[in-house]
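Hi,

Here is the structure I promised to pass on. Have a look at it first, and my notes on what turned up follow below.

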Amino acid sequence: MSDLLIRNLSALVTCDDNDTLLHGVDVYCKDGIIRAIGKNLPQSAAREIDGTHLLCYPGLINTHHHLYQQFSRNLPQVQNMELFDWLKTLYEIWKNLDTQVVRYSSLTGMGELMKNGCTTCFDHHYVFPAGAGDLIGTQLEAADALGIRMVCSRGSMDLSVKDGGLPPDSVVQSVDAILKDCAHVIEAYHDPSFGSMRQIVLAPCSPFSVSAELLRQSAIFARQYGVRLHTHLCETKDEENYTLSRCGLRPLAYMASLGWIGDDVWYAHGIHFTDEELDLLAETGTGVAHCPISNMKLSSGIARIPDMLARGVKVGLAVDGSASQDGSNLLEEIRVCFLLHRLNSSKEAPSGYDVLKMATRGSASLLGRTDIGSVEVGKCADLFLVDSRRLELVGATYDPKNLFGTVGLRGAVDYTIVNGKITVENGHLTRIDEPTVADQARKICDSYLSRP
């Protein structure tokens, strides 16, 4: 039994169905669930937080990441490359992944997410070098250590350079080997229950690194096991040209022909969709994880987010891999997203609050979760708190709904709470020794990058 009471919040941005904004209310959490919201609640708790000067928001939900890339950021050899050349260069580093690299890249990447208000992370891991060990189990151990809610993917690749793909032979596997391990990972780790802290998704990498057979079988397999499907799609014109030349179909039509359409599917990026394709996404409930900073860094393009939202396409927010975003900060992604679409779409752009909802409710919908994404009685106690008295927020808190799009936040949040437990306090992770983990991670990163 555990409980937490936050008293007299300066503002509570709920992101509920009515976009409710509350002032001066308490939030009572017990056993990981929000049990009551209101003024002067009669409950007491083992831990109480004075919310008099605090702004409260639903925990952010990251819907597309590559945590293993944390140790291949800001490398001089890939500056100014676009996606295909960037991938081919970095695969020569990623082929050396092992459990130690994955453990510490996950601890540092998810730690940064949590320090910036993120309470749920979906990671798209698809690089499984031969003999690397249990990489998914390792990621989940890191998530448990931090206290973050995590959705892992059993990603996959079966087309190497010799088959016309991009990755080296050492990181691809046969369809049979992939499906066998998918079954093992789902059976060992997937928890579909309300409030689950760990779930599994099947996520072949992309149309240009996996075969049609792997995509087809993955879709069948996922539906047999009741798990969701995810991959990259419509990220670049190179990808579009690839599927047109090899299959005679645009990327979405190709994926739809293999069973990859529906409300259990979401795609990362989704930049180069046509009007007709956006209509199909809306009609079928197929979602898109928007990665604005990565899209900008790799010169991939600007996703048509205003058009998606106008049509009712499910859209969530994501930081993408640490090597293309160069960080794991979803709050930063909110502000960049807001500014990018203001520049590109003017009055048609989503507001700062709209983008916040993309990173909370929208992201929850991509993961098929109804238990997270808003601060409401009966939902999981996932939220973050920011002190409104900060110097950099003077004069900026009159509109707390739009704050992170218009003003943003410099520095870590004051509290992150996951499943009713304080995982970040005064801007620091509570469950690991940050300096020790950072020091060990640097040593592992140096060793990893020096491997041939």
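A salt bridge here is a side-chain nitrogen of Lys or Arg within 4 Å of a carboxyl oxygen of Asp or Glu. Keep in mind that this is a predicted model. With that cut-off, arginine 223 and aspartate 264 qualify, because their side chains meet at 2.9 Å, N to O. Arginine 223 sits in helix H5 (residues 212-225), while aspartate 264 is in the loop between helix H7 (251-257) and strand S13 (265-269), so this pair ties together parts that are 41 residues apart in sequence. Aspartate 264 is buried, at 16% relative accessible area, whereas arginine 223 is partly exposed at 36%.

How many salt bridges does a search of the whole structure find? It comes back with 31. Two more that I looked at:

- Lysine 95 pairs with glutamate 92, and their closest N and O atoms are 2.8 Å apart. Lysine 95 is partly exposed, with a relative accessible area of 25%, and glutamate 92 is partly exposed as well, at 39%.
- Lysine 379 pairs with glutamate 376, with 3.6 Å between the closest N and O atoms. Here lysine 379 is buried at 18%, and glutamate 376 is partly exposed at 23%.

There is also a network: Asp275, Asp279, Arg304, Asp307 and Arg311 are joined into one by salt bridges that share partners.

Now the cysteines. The disulfide count is zero. Cysteine 29 is buried, with 2% relative accessibility. Cysteine 445 is in no disulfide either, and its nearest cysteine sulfur, in cysteine 121, is 18 Å away. Cysteine 445 also counts as buried, at 15% relative accessibility.

You'll find it in strand S9 (residues 118-123), buried at 0% relative accessible area. Leaving aside residues up to four places away in sequence, cysteine 118 touches Leu60, Asn62, Leu113, Ile148 and Thr416. Asparagine 329 is 211 residues from cysteine 118 in sequence, yet the two are 8.2 Å apart in space, C-alpha to C-alpha.

The largest pocket holds about 300 Å³. It has 17 lining residues, and Gln70, Arg73, Thr108, Ala438 and Ala441 are the ones nearest its centre. Which helices each supply at least two residues of that lining? They are helix H2 (99-115) and helix H15 (434-449). H15 gives the largest share, six residues. By class, the pocket lining splits into eight nonpolar, four polar and five charged residues.

There is one cavity of 30 Å³ or more.

Last, a bit of backbone. Most residues other than glycine have a negative phi. Cysteine 15 has a positive phi of about 55°, although it is not a glycine, and aspartate 19, not a glycine either, has a positive phi of about 55° too. Cysteine 15 is in the loop between strand S2 (11-13) and strand S3 (21-22), and aspartate 19 lies in the loop between S2 and S3 as well. Are these residues buried or partly exposed? Cysteine 15 counts as buried, at 0% relative accessibility, while aspartate 19 is partly exposed at 24%.

That's what I have.

Cheers

Conventions. Residues numbered from 1 in each chain as written. Predicted model: local features only at pLDDT ≥ 70, side-chain atom pairs only at ≥ 80, totals over all residues. Heavy atoms only, no water. 1 Å grid on protein atoms, 1.4 Å probe; cavity = no way out; pocket = protein on both sides within 12 Å on 5 of 7 lines; lining within 4 Å. Points joined across faces, edges and corners; volume = space filled by probe spheres on them. Helix = DSSP H or I, 4+ residues; strand = E, 2+ residues; numbered from the N terminus. Nonpolar A, V, L, I, M, F, W, Y, C, P; charged D, E, K, R; others polar. Disulfide = S-S within 2.5 Å. Buried < 20%, exposed > 50% of the residue type's maximum accessible area, 1.4 Å probe, protein only. Contact = heavy atoms within 4.5 Å.
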